Amino acid sequence: MSDSQLWDDVDAYFTTLLSPEDEPLQAALRDSDAEGLPRINVTPNQGKLLHLLAQVQGAHAILEIGTLGGYSTIWLGRALPADGLLISLEYNPRHADVARRNIARAGLDRVAEVRVGPALESLPQLADENPPPFDLVFIDADKANNHHYVEWALRLTHTGSLIVLDNVVRGGHVTDPTSTDPSVLGTRAALELIAEHPRLDGTAIQTVGTKGHDGFALARVLD
Ligand code: SAH
Ligand code: DHB
Ligand code: MG
């Protein structure tokens, strides 16, 4: 059996047992496929992890950077109370349209809002509105700006908030200090910021599964 077949089989077993997709989640991926969106959403067991992390945080407000078709948004939004708030930032208006439909079908349109535009423009606008501090920030957009997104996450959170940064392995090139790949540079800068910033404490974890070899970083916001 190939490694990737093995990883698929184990993900399928874990997912069937612990994080099965209901109809709104399946429909979100069906419609994302039909609309030609790339299949780069989190897996069901990763979505469930985000959901559990949001619940552990007792999250009332969640910020997501990188919506795609709203699949991770649904997992996160379902962890919120009825008066919760999820703001998800998406550059591509076509992705945002698909996401809004998927979010509405999941019954989350009262808590989850998709804002269209480059996140580095949406974030200062959001800050100007004095939103409630976000209890969890999921960063999953253009990796070149990862360090900027961690800086914005720090401004928009409170002591005890959690920052999750997706896709930190970059095919292993994350270890390469000579890389000129913008995604590698942005991710390394984000990880170095987490390492050095006095108000951040974090770790990074490699993963295997249906999306291959990858990983994520977690950072807790300190006093
Ligand atoms: N979180 C999603 C996957 C996000 S894929 C899930 O797991 O279901 C990354 C998304 O980030 C894409 O939809 C892409 O259009 C968006 N994106 C890329 N650059 C961006 C930017 N500068 N600002 C906001 N979103 C951006
Ligand atoms: C890509 C982006 C993602 O957020 C992800 O989880 C996997 C792949 C990509 O841009 O290729
Ligand atoms: Mg991702």
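A polar side-chain atom of Asn167 lies 2.8 Å from an oxygen atom of ligand 2 in this predicted model, a polar contact being a pair of N or O atoms within 3.5 Å, for which, within protein, one must be able to donate a hydrogen and the other to accept it, and residues adjacent in sequence count only if both atoms are side-chain atoms. Two further contacts involve oxygen of ligand 2: a backbone N or O atom of Ile40 is 3.2 Å from an oxygen atom, and an N or O atom in the side chain of Lys143 is 3.2 Å from an oxygen atom. Taken alone, ligand 2 exposes 290 Å², of which the protein buries 64%; accessible areas come from the Shrake-Rupley method with a 1.4 Å probe, and for residues only the protein chains shown count as cover.

The model is predicted, so that local features need pLDDT of at least 70 and side-chain atom pairs count only at pLDDT 80 or more, whereas totals for chains, interfaces and linings use all residues. Residues are numbered from 1 along each chain as its sequence is written, chains are lettered from A and ligands numbered from 1 in the order in which they are written, and side-chain values use heavy atoms, with hydrogens and water left out.

Around ligand 2 stand Ile40, Asp140, Lys143, Asp166, Asn167 and Lys211, a residue being near if one of its heavy atoms lies within 4 Å.

Asp166 counts as buried because its relative accessibility is 7%, and Asn167 is buried with a relative accessible area of 9%; buried means under 20%, exposed over 50%, and partly exposed in between (1.4 Å probe, protein chains only).

A nitrogen atom of ligand 1 is 2.9 Å from a polar backbone atom of Gly66, and a nitrogen atom lies 3.1 Å from a polar backbone atom of Tyr91. Taken alone, ligand 1 exposes 590 Å², and the protein buries 89% of that.
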